[in-house]
Amino acid sequence: MNTALLLVDIQNDYFPGGRNELFHPDQALTHAQEALSLFREKNLPIVHIQCILLENNATFFLPETEGINIHEGIKPQSDEQVIEKHTPDSFFQTELQEYLESIKVTRLVIGGMMSHICIDSTVRTASRLGYEVLLLSDACTTRDLVWNDTVIPAKTVHDTFMASLQDTFAQVVDTSRLYDLI
């Protein structure tokens, strides 16, 4: 089985000092680095997704800002694919599917940011397209949300999305399990 690592939106704006800091982004980064090291060690394909928002009302991931850069901690190497997107879904109007087909990928290991938007939409599309998906829950994070004037803590948001993706759309695992699965 040809497996690729897909790291979604691990960009500067989600870290301290960025325009949209998430809940414990450094912990998610540490686990993404573990997965990245394993894939580099095994010489398996790696794809970095970089979001640049083009809407007039966008408040982060703005073109030509430091915030759109992929975090230094997982900086892509020259042999790693970088695909730019402009919507939450990494497959929508990008060359991601075409690229994965060209290297005969059938299984994706996914980590990144934010659990409730870009990870959710990317995992669901990957599953719909027929990819087997391993989602690294500890290599993802999100932020607090507000619904009906109630703050929903980021941990609850994250856990809810991991639970909703488990089984139907992905096998959700901690990064430590990855060593036995690829």
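The following paragraphs treat a helix and then the salt bridges of this predicted model.

Helix α4 runs over residues 154-165, and its 12 residues reach 17 Å from the first C-alpha to the last, close to the 16 Å expected at 1.5 Å a residue. Its buried residues are Ala154, Val157, His158, Met162 and Leu165. These residues cover an arc of only 125° around the axis, which puts them on the same side of α4. An α-helix has 3.6 residues a turn, so residues three or four places apart point the same way. The cover over the buried residues of α4 includes the helix α3 (115-128) together with β5 (132-141), β6 (145-147), β7 (150-152) and β8 (171-173), whereas the face turned away from the buried side carries the exposed residues Lys155 and Ala163. Just after α4, Asp167 takes a positive phi of about 75°.

Lys155 also takes part in a salt bridge with Asp159, with the closest N and O atoms 2.7 Å apart; both residues lie in α4, 4 residues apart, about one turn of the helix. Asp159 counts as partly exposed because its relative accessibility is 37%.

The model has 5 salt bridges in total, and among them is the one between Lys85 and Asp9, at 2.9 Å from N to O. This pair links distant parts of the chain, 76 residues apart, with Lys85 in strand β3 and Asp9 in the loop between β1 and α1, and both residues are buried. Another joins Glu132 and Arg107 at 3.9 Å, N to O, linking strand β5 to strand β4 across 25 residues. Here Arg107 is buried, with a relative accessible area of 11%, while Glu132, at 32% relative accessibility, counts as partly exposed.

Definitions and conventions. Residues numbered from 1 in each chain as written. Predicted model: local features only at pLDDT ≥ 70, side-chain atom pairs only at ≥ 80, totals over all residues. Heavy atoms only, no water. Helix = DSSP H or I, 4+ residues; strand = E, 2+ residues; numbered from the N terminus. Expected span 1.5 Å × (residues − 1). Buried < 20%, exposed > 50% of the residue type's maximum accessible area, 1.4 Å probe, protein only. Arc of directions from axis to C-beta. Contact = heavy atoms within 4.5 Å. Salt bridge = Lys/Arg side-chain N within 4 Å of Asp/Glu carboxyl O.
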